[in-house]
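Today I will go through the aromatic contacts in one model. Please have the sequence and the structure open.

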Amino acid sequence: LTNEMKGPLNEDHLILAMRVLQNKCFVGLLEEFDLSLQLFESYFGWSKVGDAAKRKECTQKIESRKDNANNHPTLDEDEGGEIWGLLEQKNLYDMRLYEFALGLYEKEKEKYGGDIVVEVVGDGFLPSPPPPSPPPPVPVPPPPTPPPQEPSPPEIDPNEPPVVQHPKYDPYNWNENAPKYNNINNYPEASEEGGWELHPQKNNMPSTLMEDPSKVTLPPELEARYTQLSIGFTDIEKPFDKSKNLAIFWHIPKCGGGILDQLLSNCIGLVEANKVGSREGHQNDETLTVVTHDGSQYVNVDTTTPNGIEHAKELHLASSGLADVALTSYLYDAASLFTNNGNTVRGKCFTMLRHPIKRAVSIFYYLKETEFGDANLSIFKDMSLEEYARSQWCEENWMVRFLTNEMKGPLNEDHLILAMRVLQNKCFVGLLEEFDLSLQLFESYFGWSKVGDAAKRKECTQKIESRKDNANNHPTLDEDEGGEIWGLLEQKNLYDMRLYEFALGLYEKEKEKYGGDIVVEVVGDGFLPSPPPPSPPPPVPVPPPPTPPPQEPSPPEIDPNEPPVVQHPKYDPYNWNENAPKYNNINNYPEASEEGGWELHPQKNNMPSTLMEDPSKVTLPPELEARYTQLSIGFTDIEKPFDKSKNLAIFWHIPKCGGGILDQLLSNCIGLVEANKVGSREGHQNDETLTVVTHDGSQYVNVDTTTPNGIEHAKELHLASSGLADVALTSYLYDAASLFTNNGNTVRGKCFTMLRHPIKRAVSIFYYLKETEFGDANLSIFKDMSLEEYARSQWCEENWMVRFLTNEMKGALTEDHLTLAMRVLQNKCFVGLLEEFDASLLRYEMYFNWGKVGDKAKRTECTKMMEQQSDTSDTLHPVEEGDEVWSLLEQKNLFDMKLYEFALDLYEEFSGYG
């Protein structure tokens, strides 16, 4: 169905196949042959063809042959067995497609099968069943050969649940104690001839879970395992109570557990039970005590191994109250800690998850680069990642196996559901990809934010995080998602992939519940390394020739009467010095050729496709979801009515989109009190208290909200809750969100903005640079530059709107960034259009209730005068759609073009305010 006849398949192929079936094929089922035939006849109009009696006789005659009638042995009684598993493994995507097709078939029956009555014998096309045997003498018919009796799950004593005895598993232990899970984890085992053998992989493709895992009835043995955990661990929805609960960190290798462990003990000052306290001769202590190691405190037991957990249980660790947190990978063993007679303490699980493919890559490089002192492990030294992914040593669904205690044998959907249920009900989930926020969520839930000295904690945390020894300094597959290696690793971790997707949803719910007052200052992407510093400044101010590039001038000081120019520490469209990003890898910027002159780089930025889904329903990568959450904390949804007592209007200013003239209309004509940059002039930039100042007859609060530093100062002075400003102007929505996070503040932002066609805006930017006298000799380069030269140059802007709406100021953009930008506009910003300036202004007035402010006659006269000053570059400097300059500018602003198209629809949706 995808014409992909060789090479690995991935989820995209499955989706294409589903789309083809859904839209292009009328589906029948062999299992319902007779009904399917009549559905075909109904759809294609064949029921009216030929003589009905002859048709029926002929059909019965042909069906009697039943040459496809499964007269051979079947696997119907052995679903889930080894042979079934082998065949399923080779047909995982077809299994998913078939499940999808069943739904399509049901819809066809509803639509075309209303008048069809089928006399079904057997299953239609397959052989009819034999006549029923005579009634057996006992209620349950005895089998011909009694199979071995399957033991029923043990009855669990509520006070003493059985501990599941499973083979012990240590992902880093390759000695004789390491289990040989060759059929599931593909660890090495010596063959009789010597060397290593590859065992067949038995991983099954899980389908999409449609139900709440807690409402799915599992097989008795899996229900018994969940009961075992439930006796030891309370549900995570219940608040943590230190007198009744012990925090248990479920440690997944290479998911940031090591760094988190140090943060909890060294920085927060918690007493831990892991393995450190059992060192230096304490492993066999007969009484519990707290020992000190490198300045941190640990209980003298080892909870990282099943034997150590058993010893900790004998010493009554849970009820001792000595430990604040215990670390383990063995939740089922850890559940036994809470089953001593008389113990009333129960466990509270929390964990840090990571994308399974990235975790697998990290495991490989850990094995490859770590000196274990074991000759057997030298095999990894010269192994490539692809060889590892194909080998018997590559891990397989680690998370699902440990959450279900199914350490060997094939997994199925029931195991996935059990794993989901455990995470959903028993574990507080954090993400390595959002390490800083996850840490604060843990602190909020467990009450650790009040432990220790705050200043010391912060200093210690920064010091430990700076080490980032697990911070992906090795190569990654980020740019190769969907490639062959990614596909190989995905194939071995299908259930973990599904579990991780499910966990992302749990994490979002936790953020909503516990993250309301949290503000994270993100450097880089939180836990992963920060981006490299900018390259050193080039020596001269002309476009880069083959020789060392020229010195680029500092940004000009903009005339106060002109629309304010955005000054951003990472990205400034008018800043041509060393901080100006050189997006040569994504945007066709010029580079000197060997023959001289300029060459156009091949375009690597793909035109985003039309977004088919509601942006709010698309799951984004965690780091982008975190950015949206950051905005959501500061800004309420635009669909909620504006309430001046609860909201502050924030105008998101885009250069050369009419923001300057709108700014003057709001202050001079409507008479609103503004916070922009005017109020901070004349010595007010460092005022320690808020006040309203008058400038040219208009009123302004004495802060500058047009720069990140100014926003920070406004936050310190509690601008949002002061009630002094009617509207604040900024280009920095992510910085502005922090205005609303002061303790005790209940005001939230309401964003509105004025958009303009991206190509026309780019042209306006160019002529602004070309025709404005900045008094800076460095900017004279634009005086003799043509628009086409500008469009081909490194100075031409690139997707300004999407970058500022996603806070992605450098590097390549993707469809995910576009989706995030769309979501922000859709939910957080009231959209106006420069092309419909008057109508947009009326809409703002209606939404924000500004129509009743000021003298109406004066407003009208003032508005007409101000509008005469509006930007006329569209008429003075027209660019024809489709010509070369238009195409060059469009190529550099593909995402902004798609965003603008999306915004036009949003503008129409707001027509009720016109």
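Which residues form one aromatic cluster? The cluster consists of Phe240, Phe249, Phe350, Phe428, Phe442, Tyr445, Phe446, Trp448 and Tyr514.

A word on conventions. This is a predicted model, where local features need pLDDT of at least 70, side-chain atom pairs count only at pLDDT 80 or more, and totals for chains, interfaces and linings use all residues. Residues are numbered from 1 along each chain as its sequence is written, and side-chain values use heavy atoms, with hydrogens and water left out.

Searching the whole structure gives 41 aromatic pairs. Rings of Phe, Tyr and Trp (its six-membered ring) pair if their centres lie within 6.5 Å; planes under 30 degrees apart count as stacked, over 60 as edge-to-face and the rest as tilted.

One of the pairs joins phenylalanine 26 and tyrosine 43, tilted, with 4.7 Å centre to centre and 35 degrees between the planes. Phenylalanine 26 is in the loop between α1 (11–24) and α2 (33–44), and tyrosine 43 is in helix α2, so the pair ties together parts 17 residues apart in sequence. Helices here are DSSP runs of H or I, at least four residues, numbered from the N terminus.

Phenylalanine 26 counts as buried at 19% relative accessibility, and tyrosine 43 as partly exposed at 42%. Buried means under 20% relative accessible area, exposed over 50%, partly exposed in between (1.4 Å probe, protein chains only).

Next, phenylalanine 380 and tyrosine 388: their ring centres are 6.5 Å apart and their planes at 65 degrees, so this pair is edge-to-face. Both phenylalanine 380 and tyrosine 388 are buried.

How values were computed:
Helices (H or I, at least four residues) and strands (E, at least two) are DSSP runs, numbered from the N terminus.
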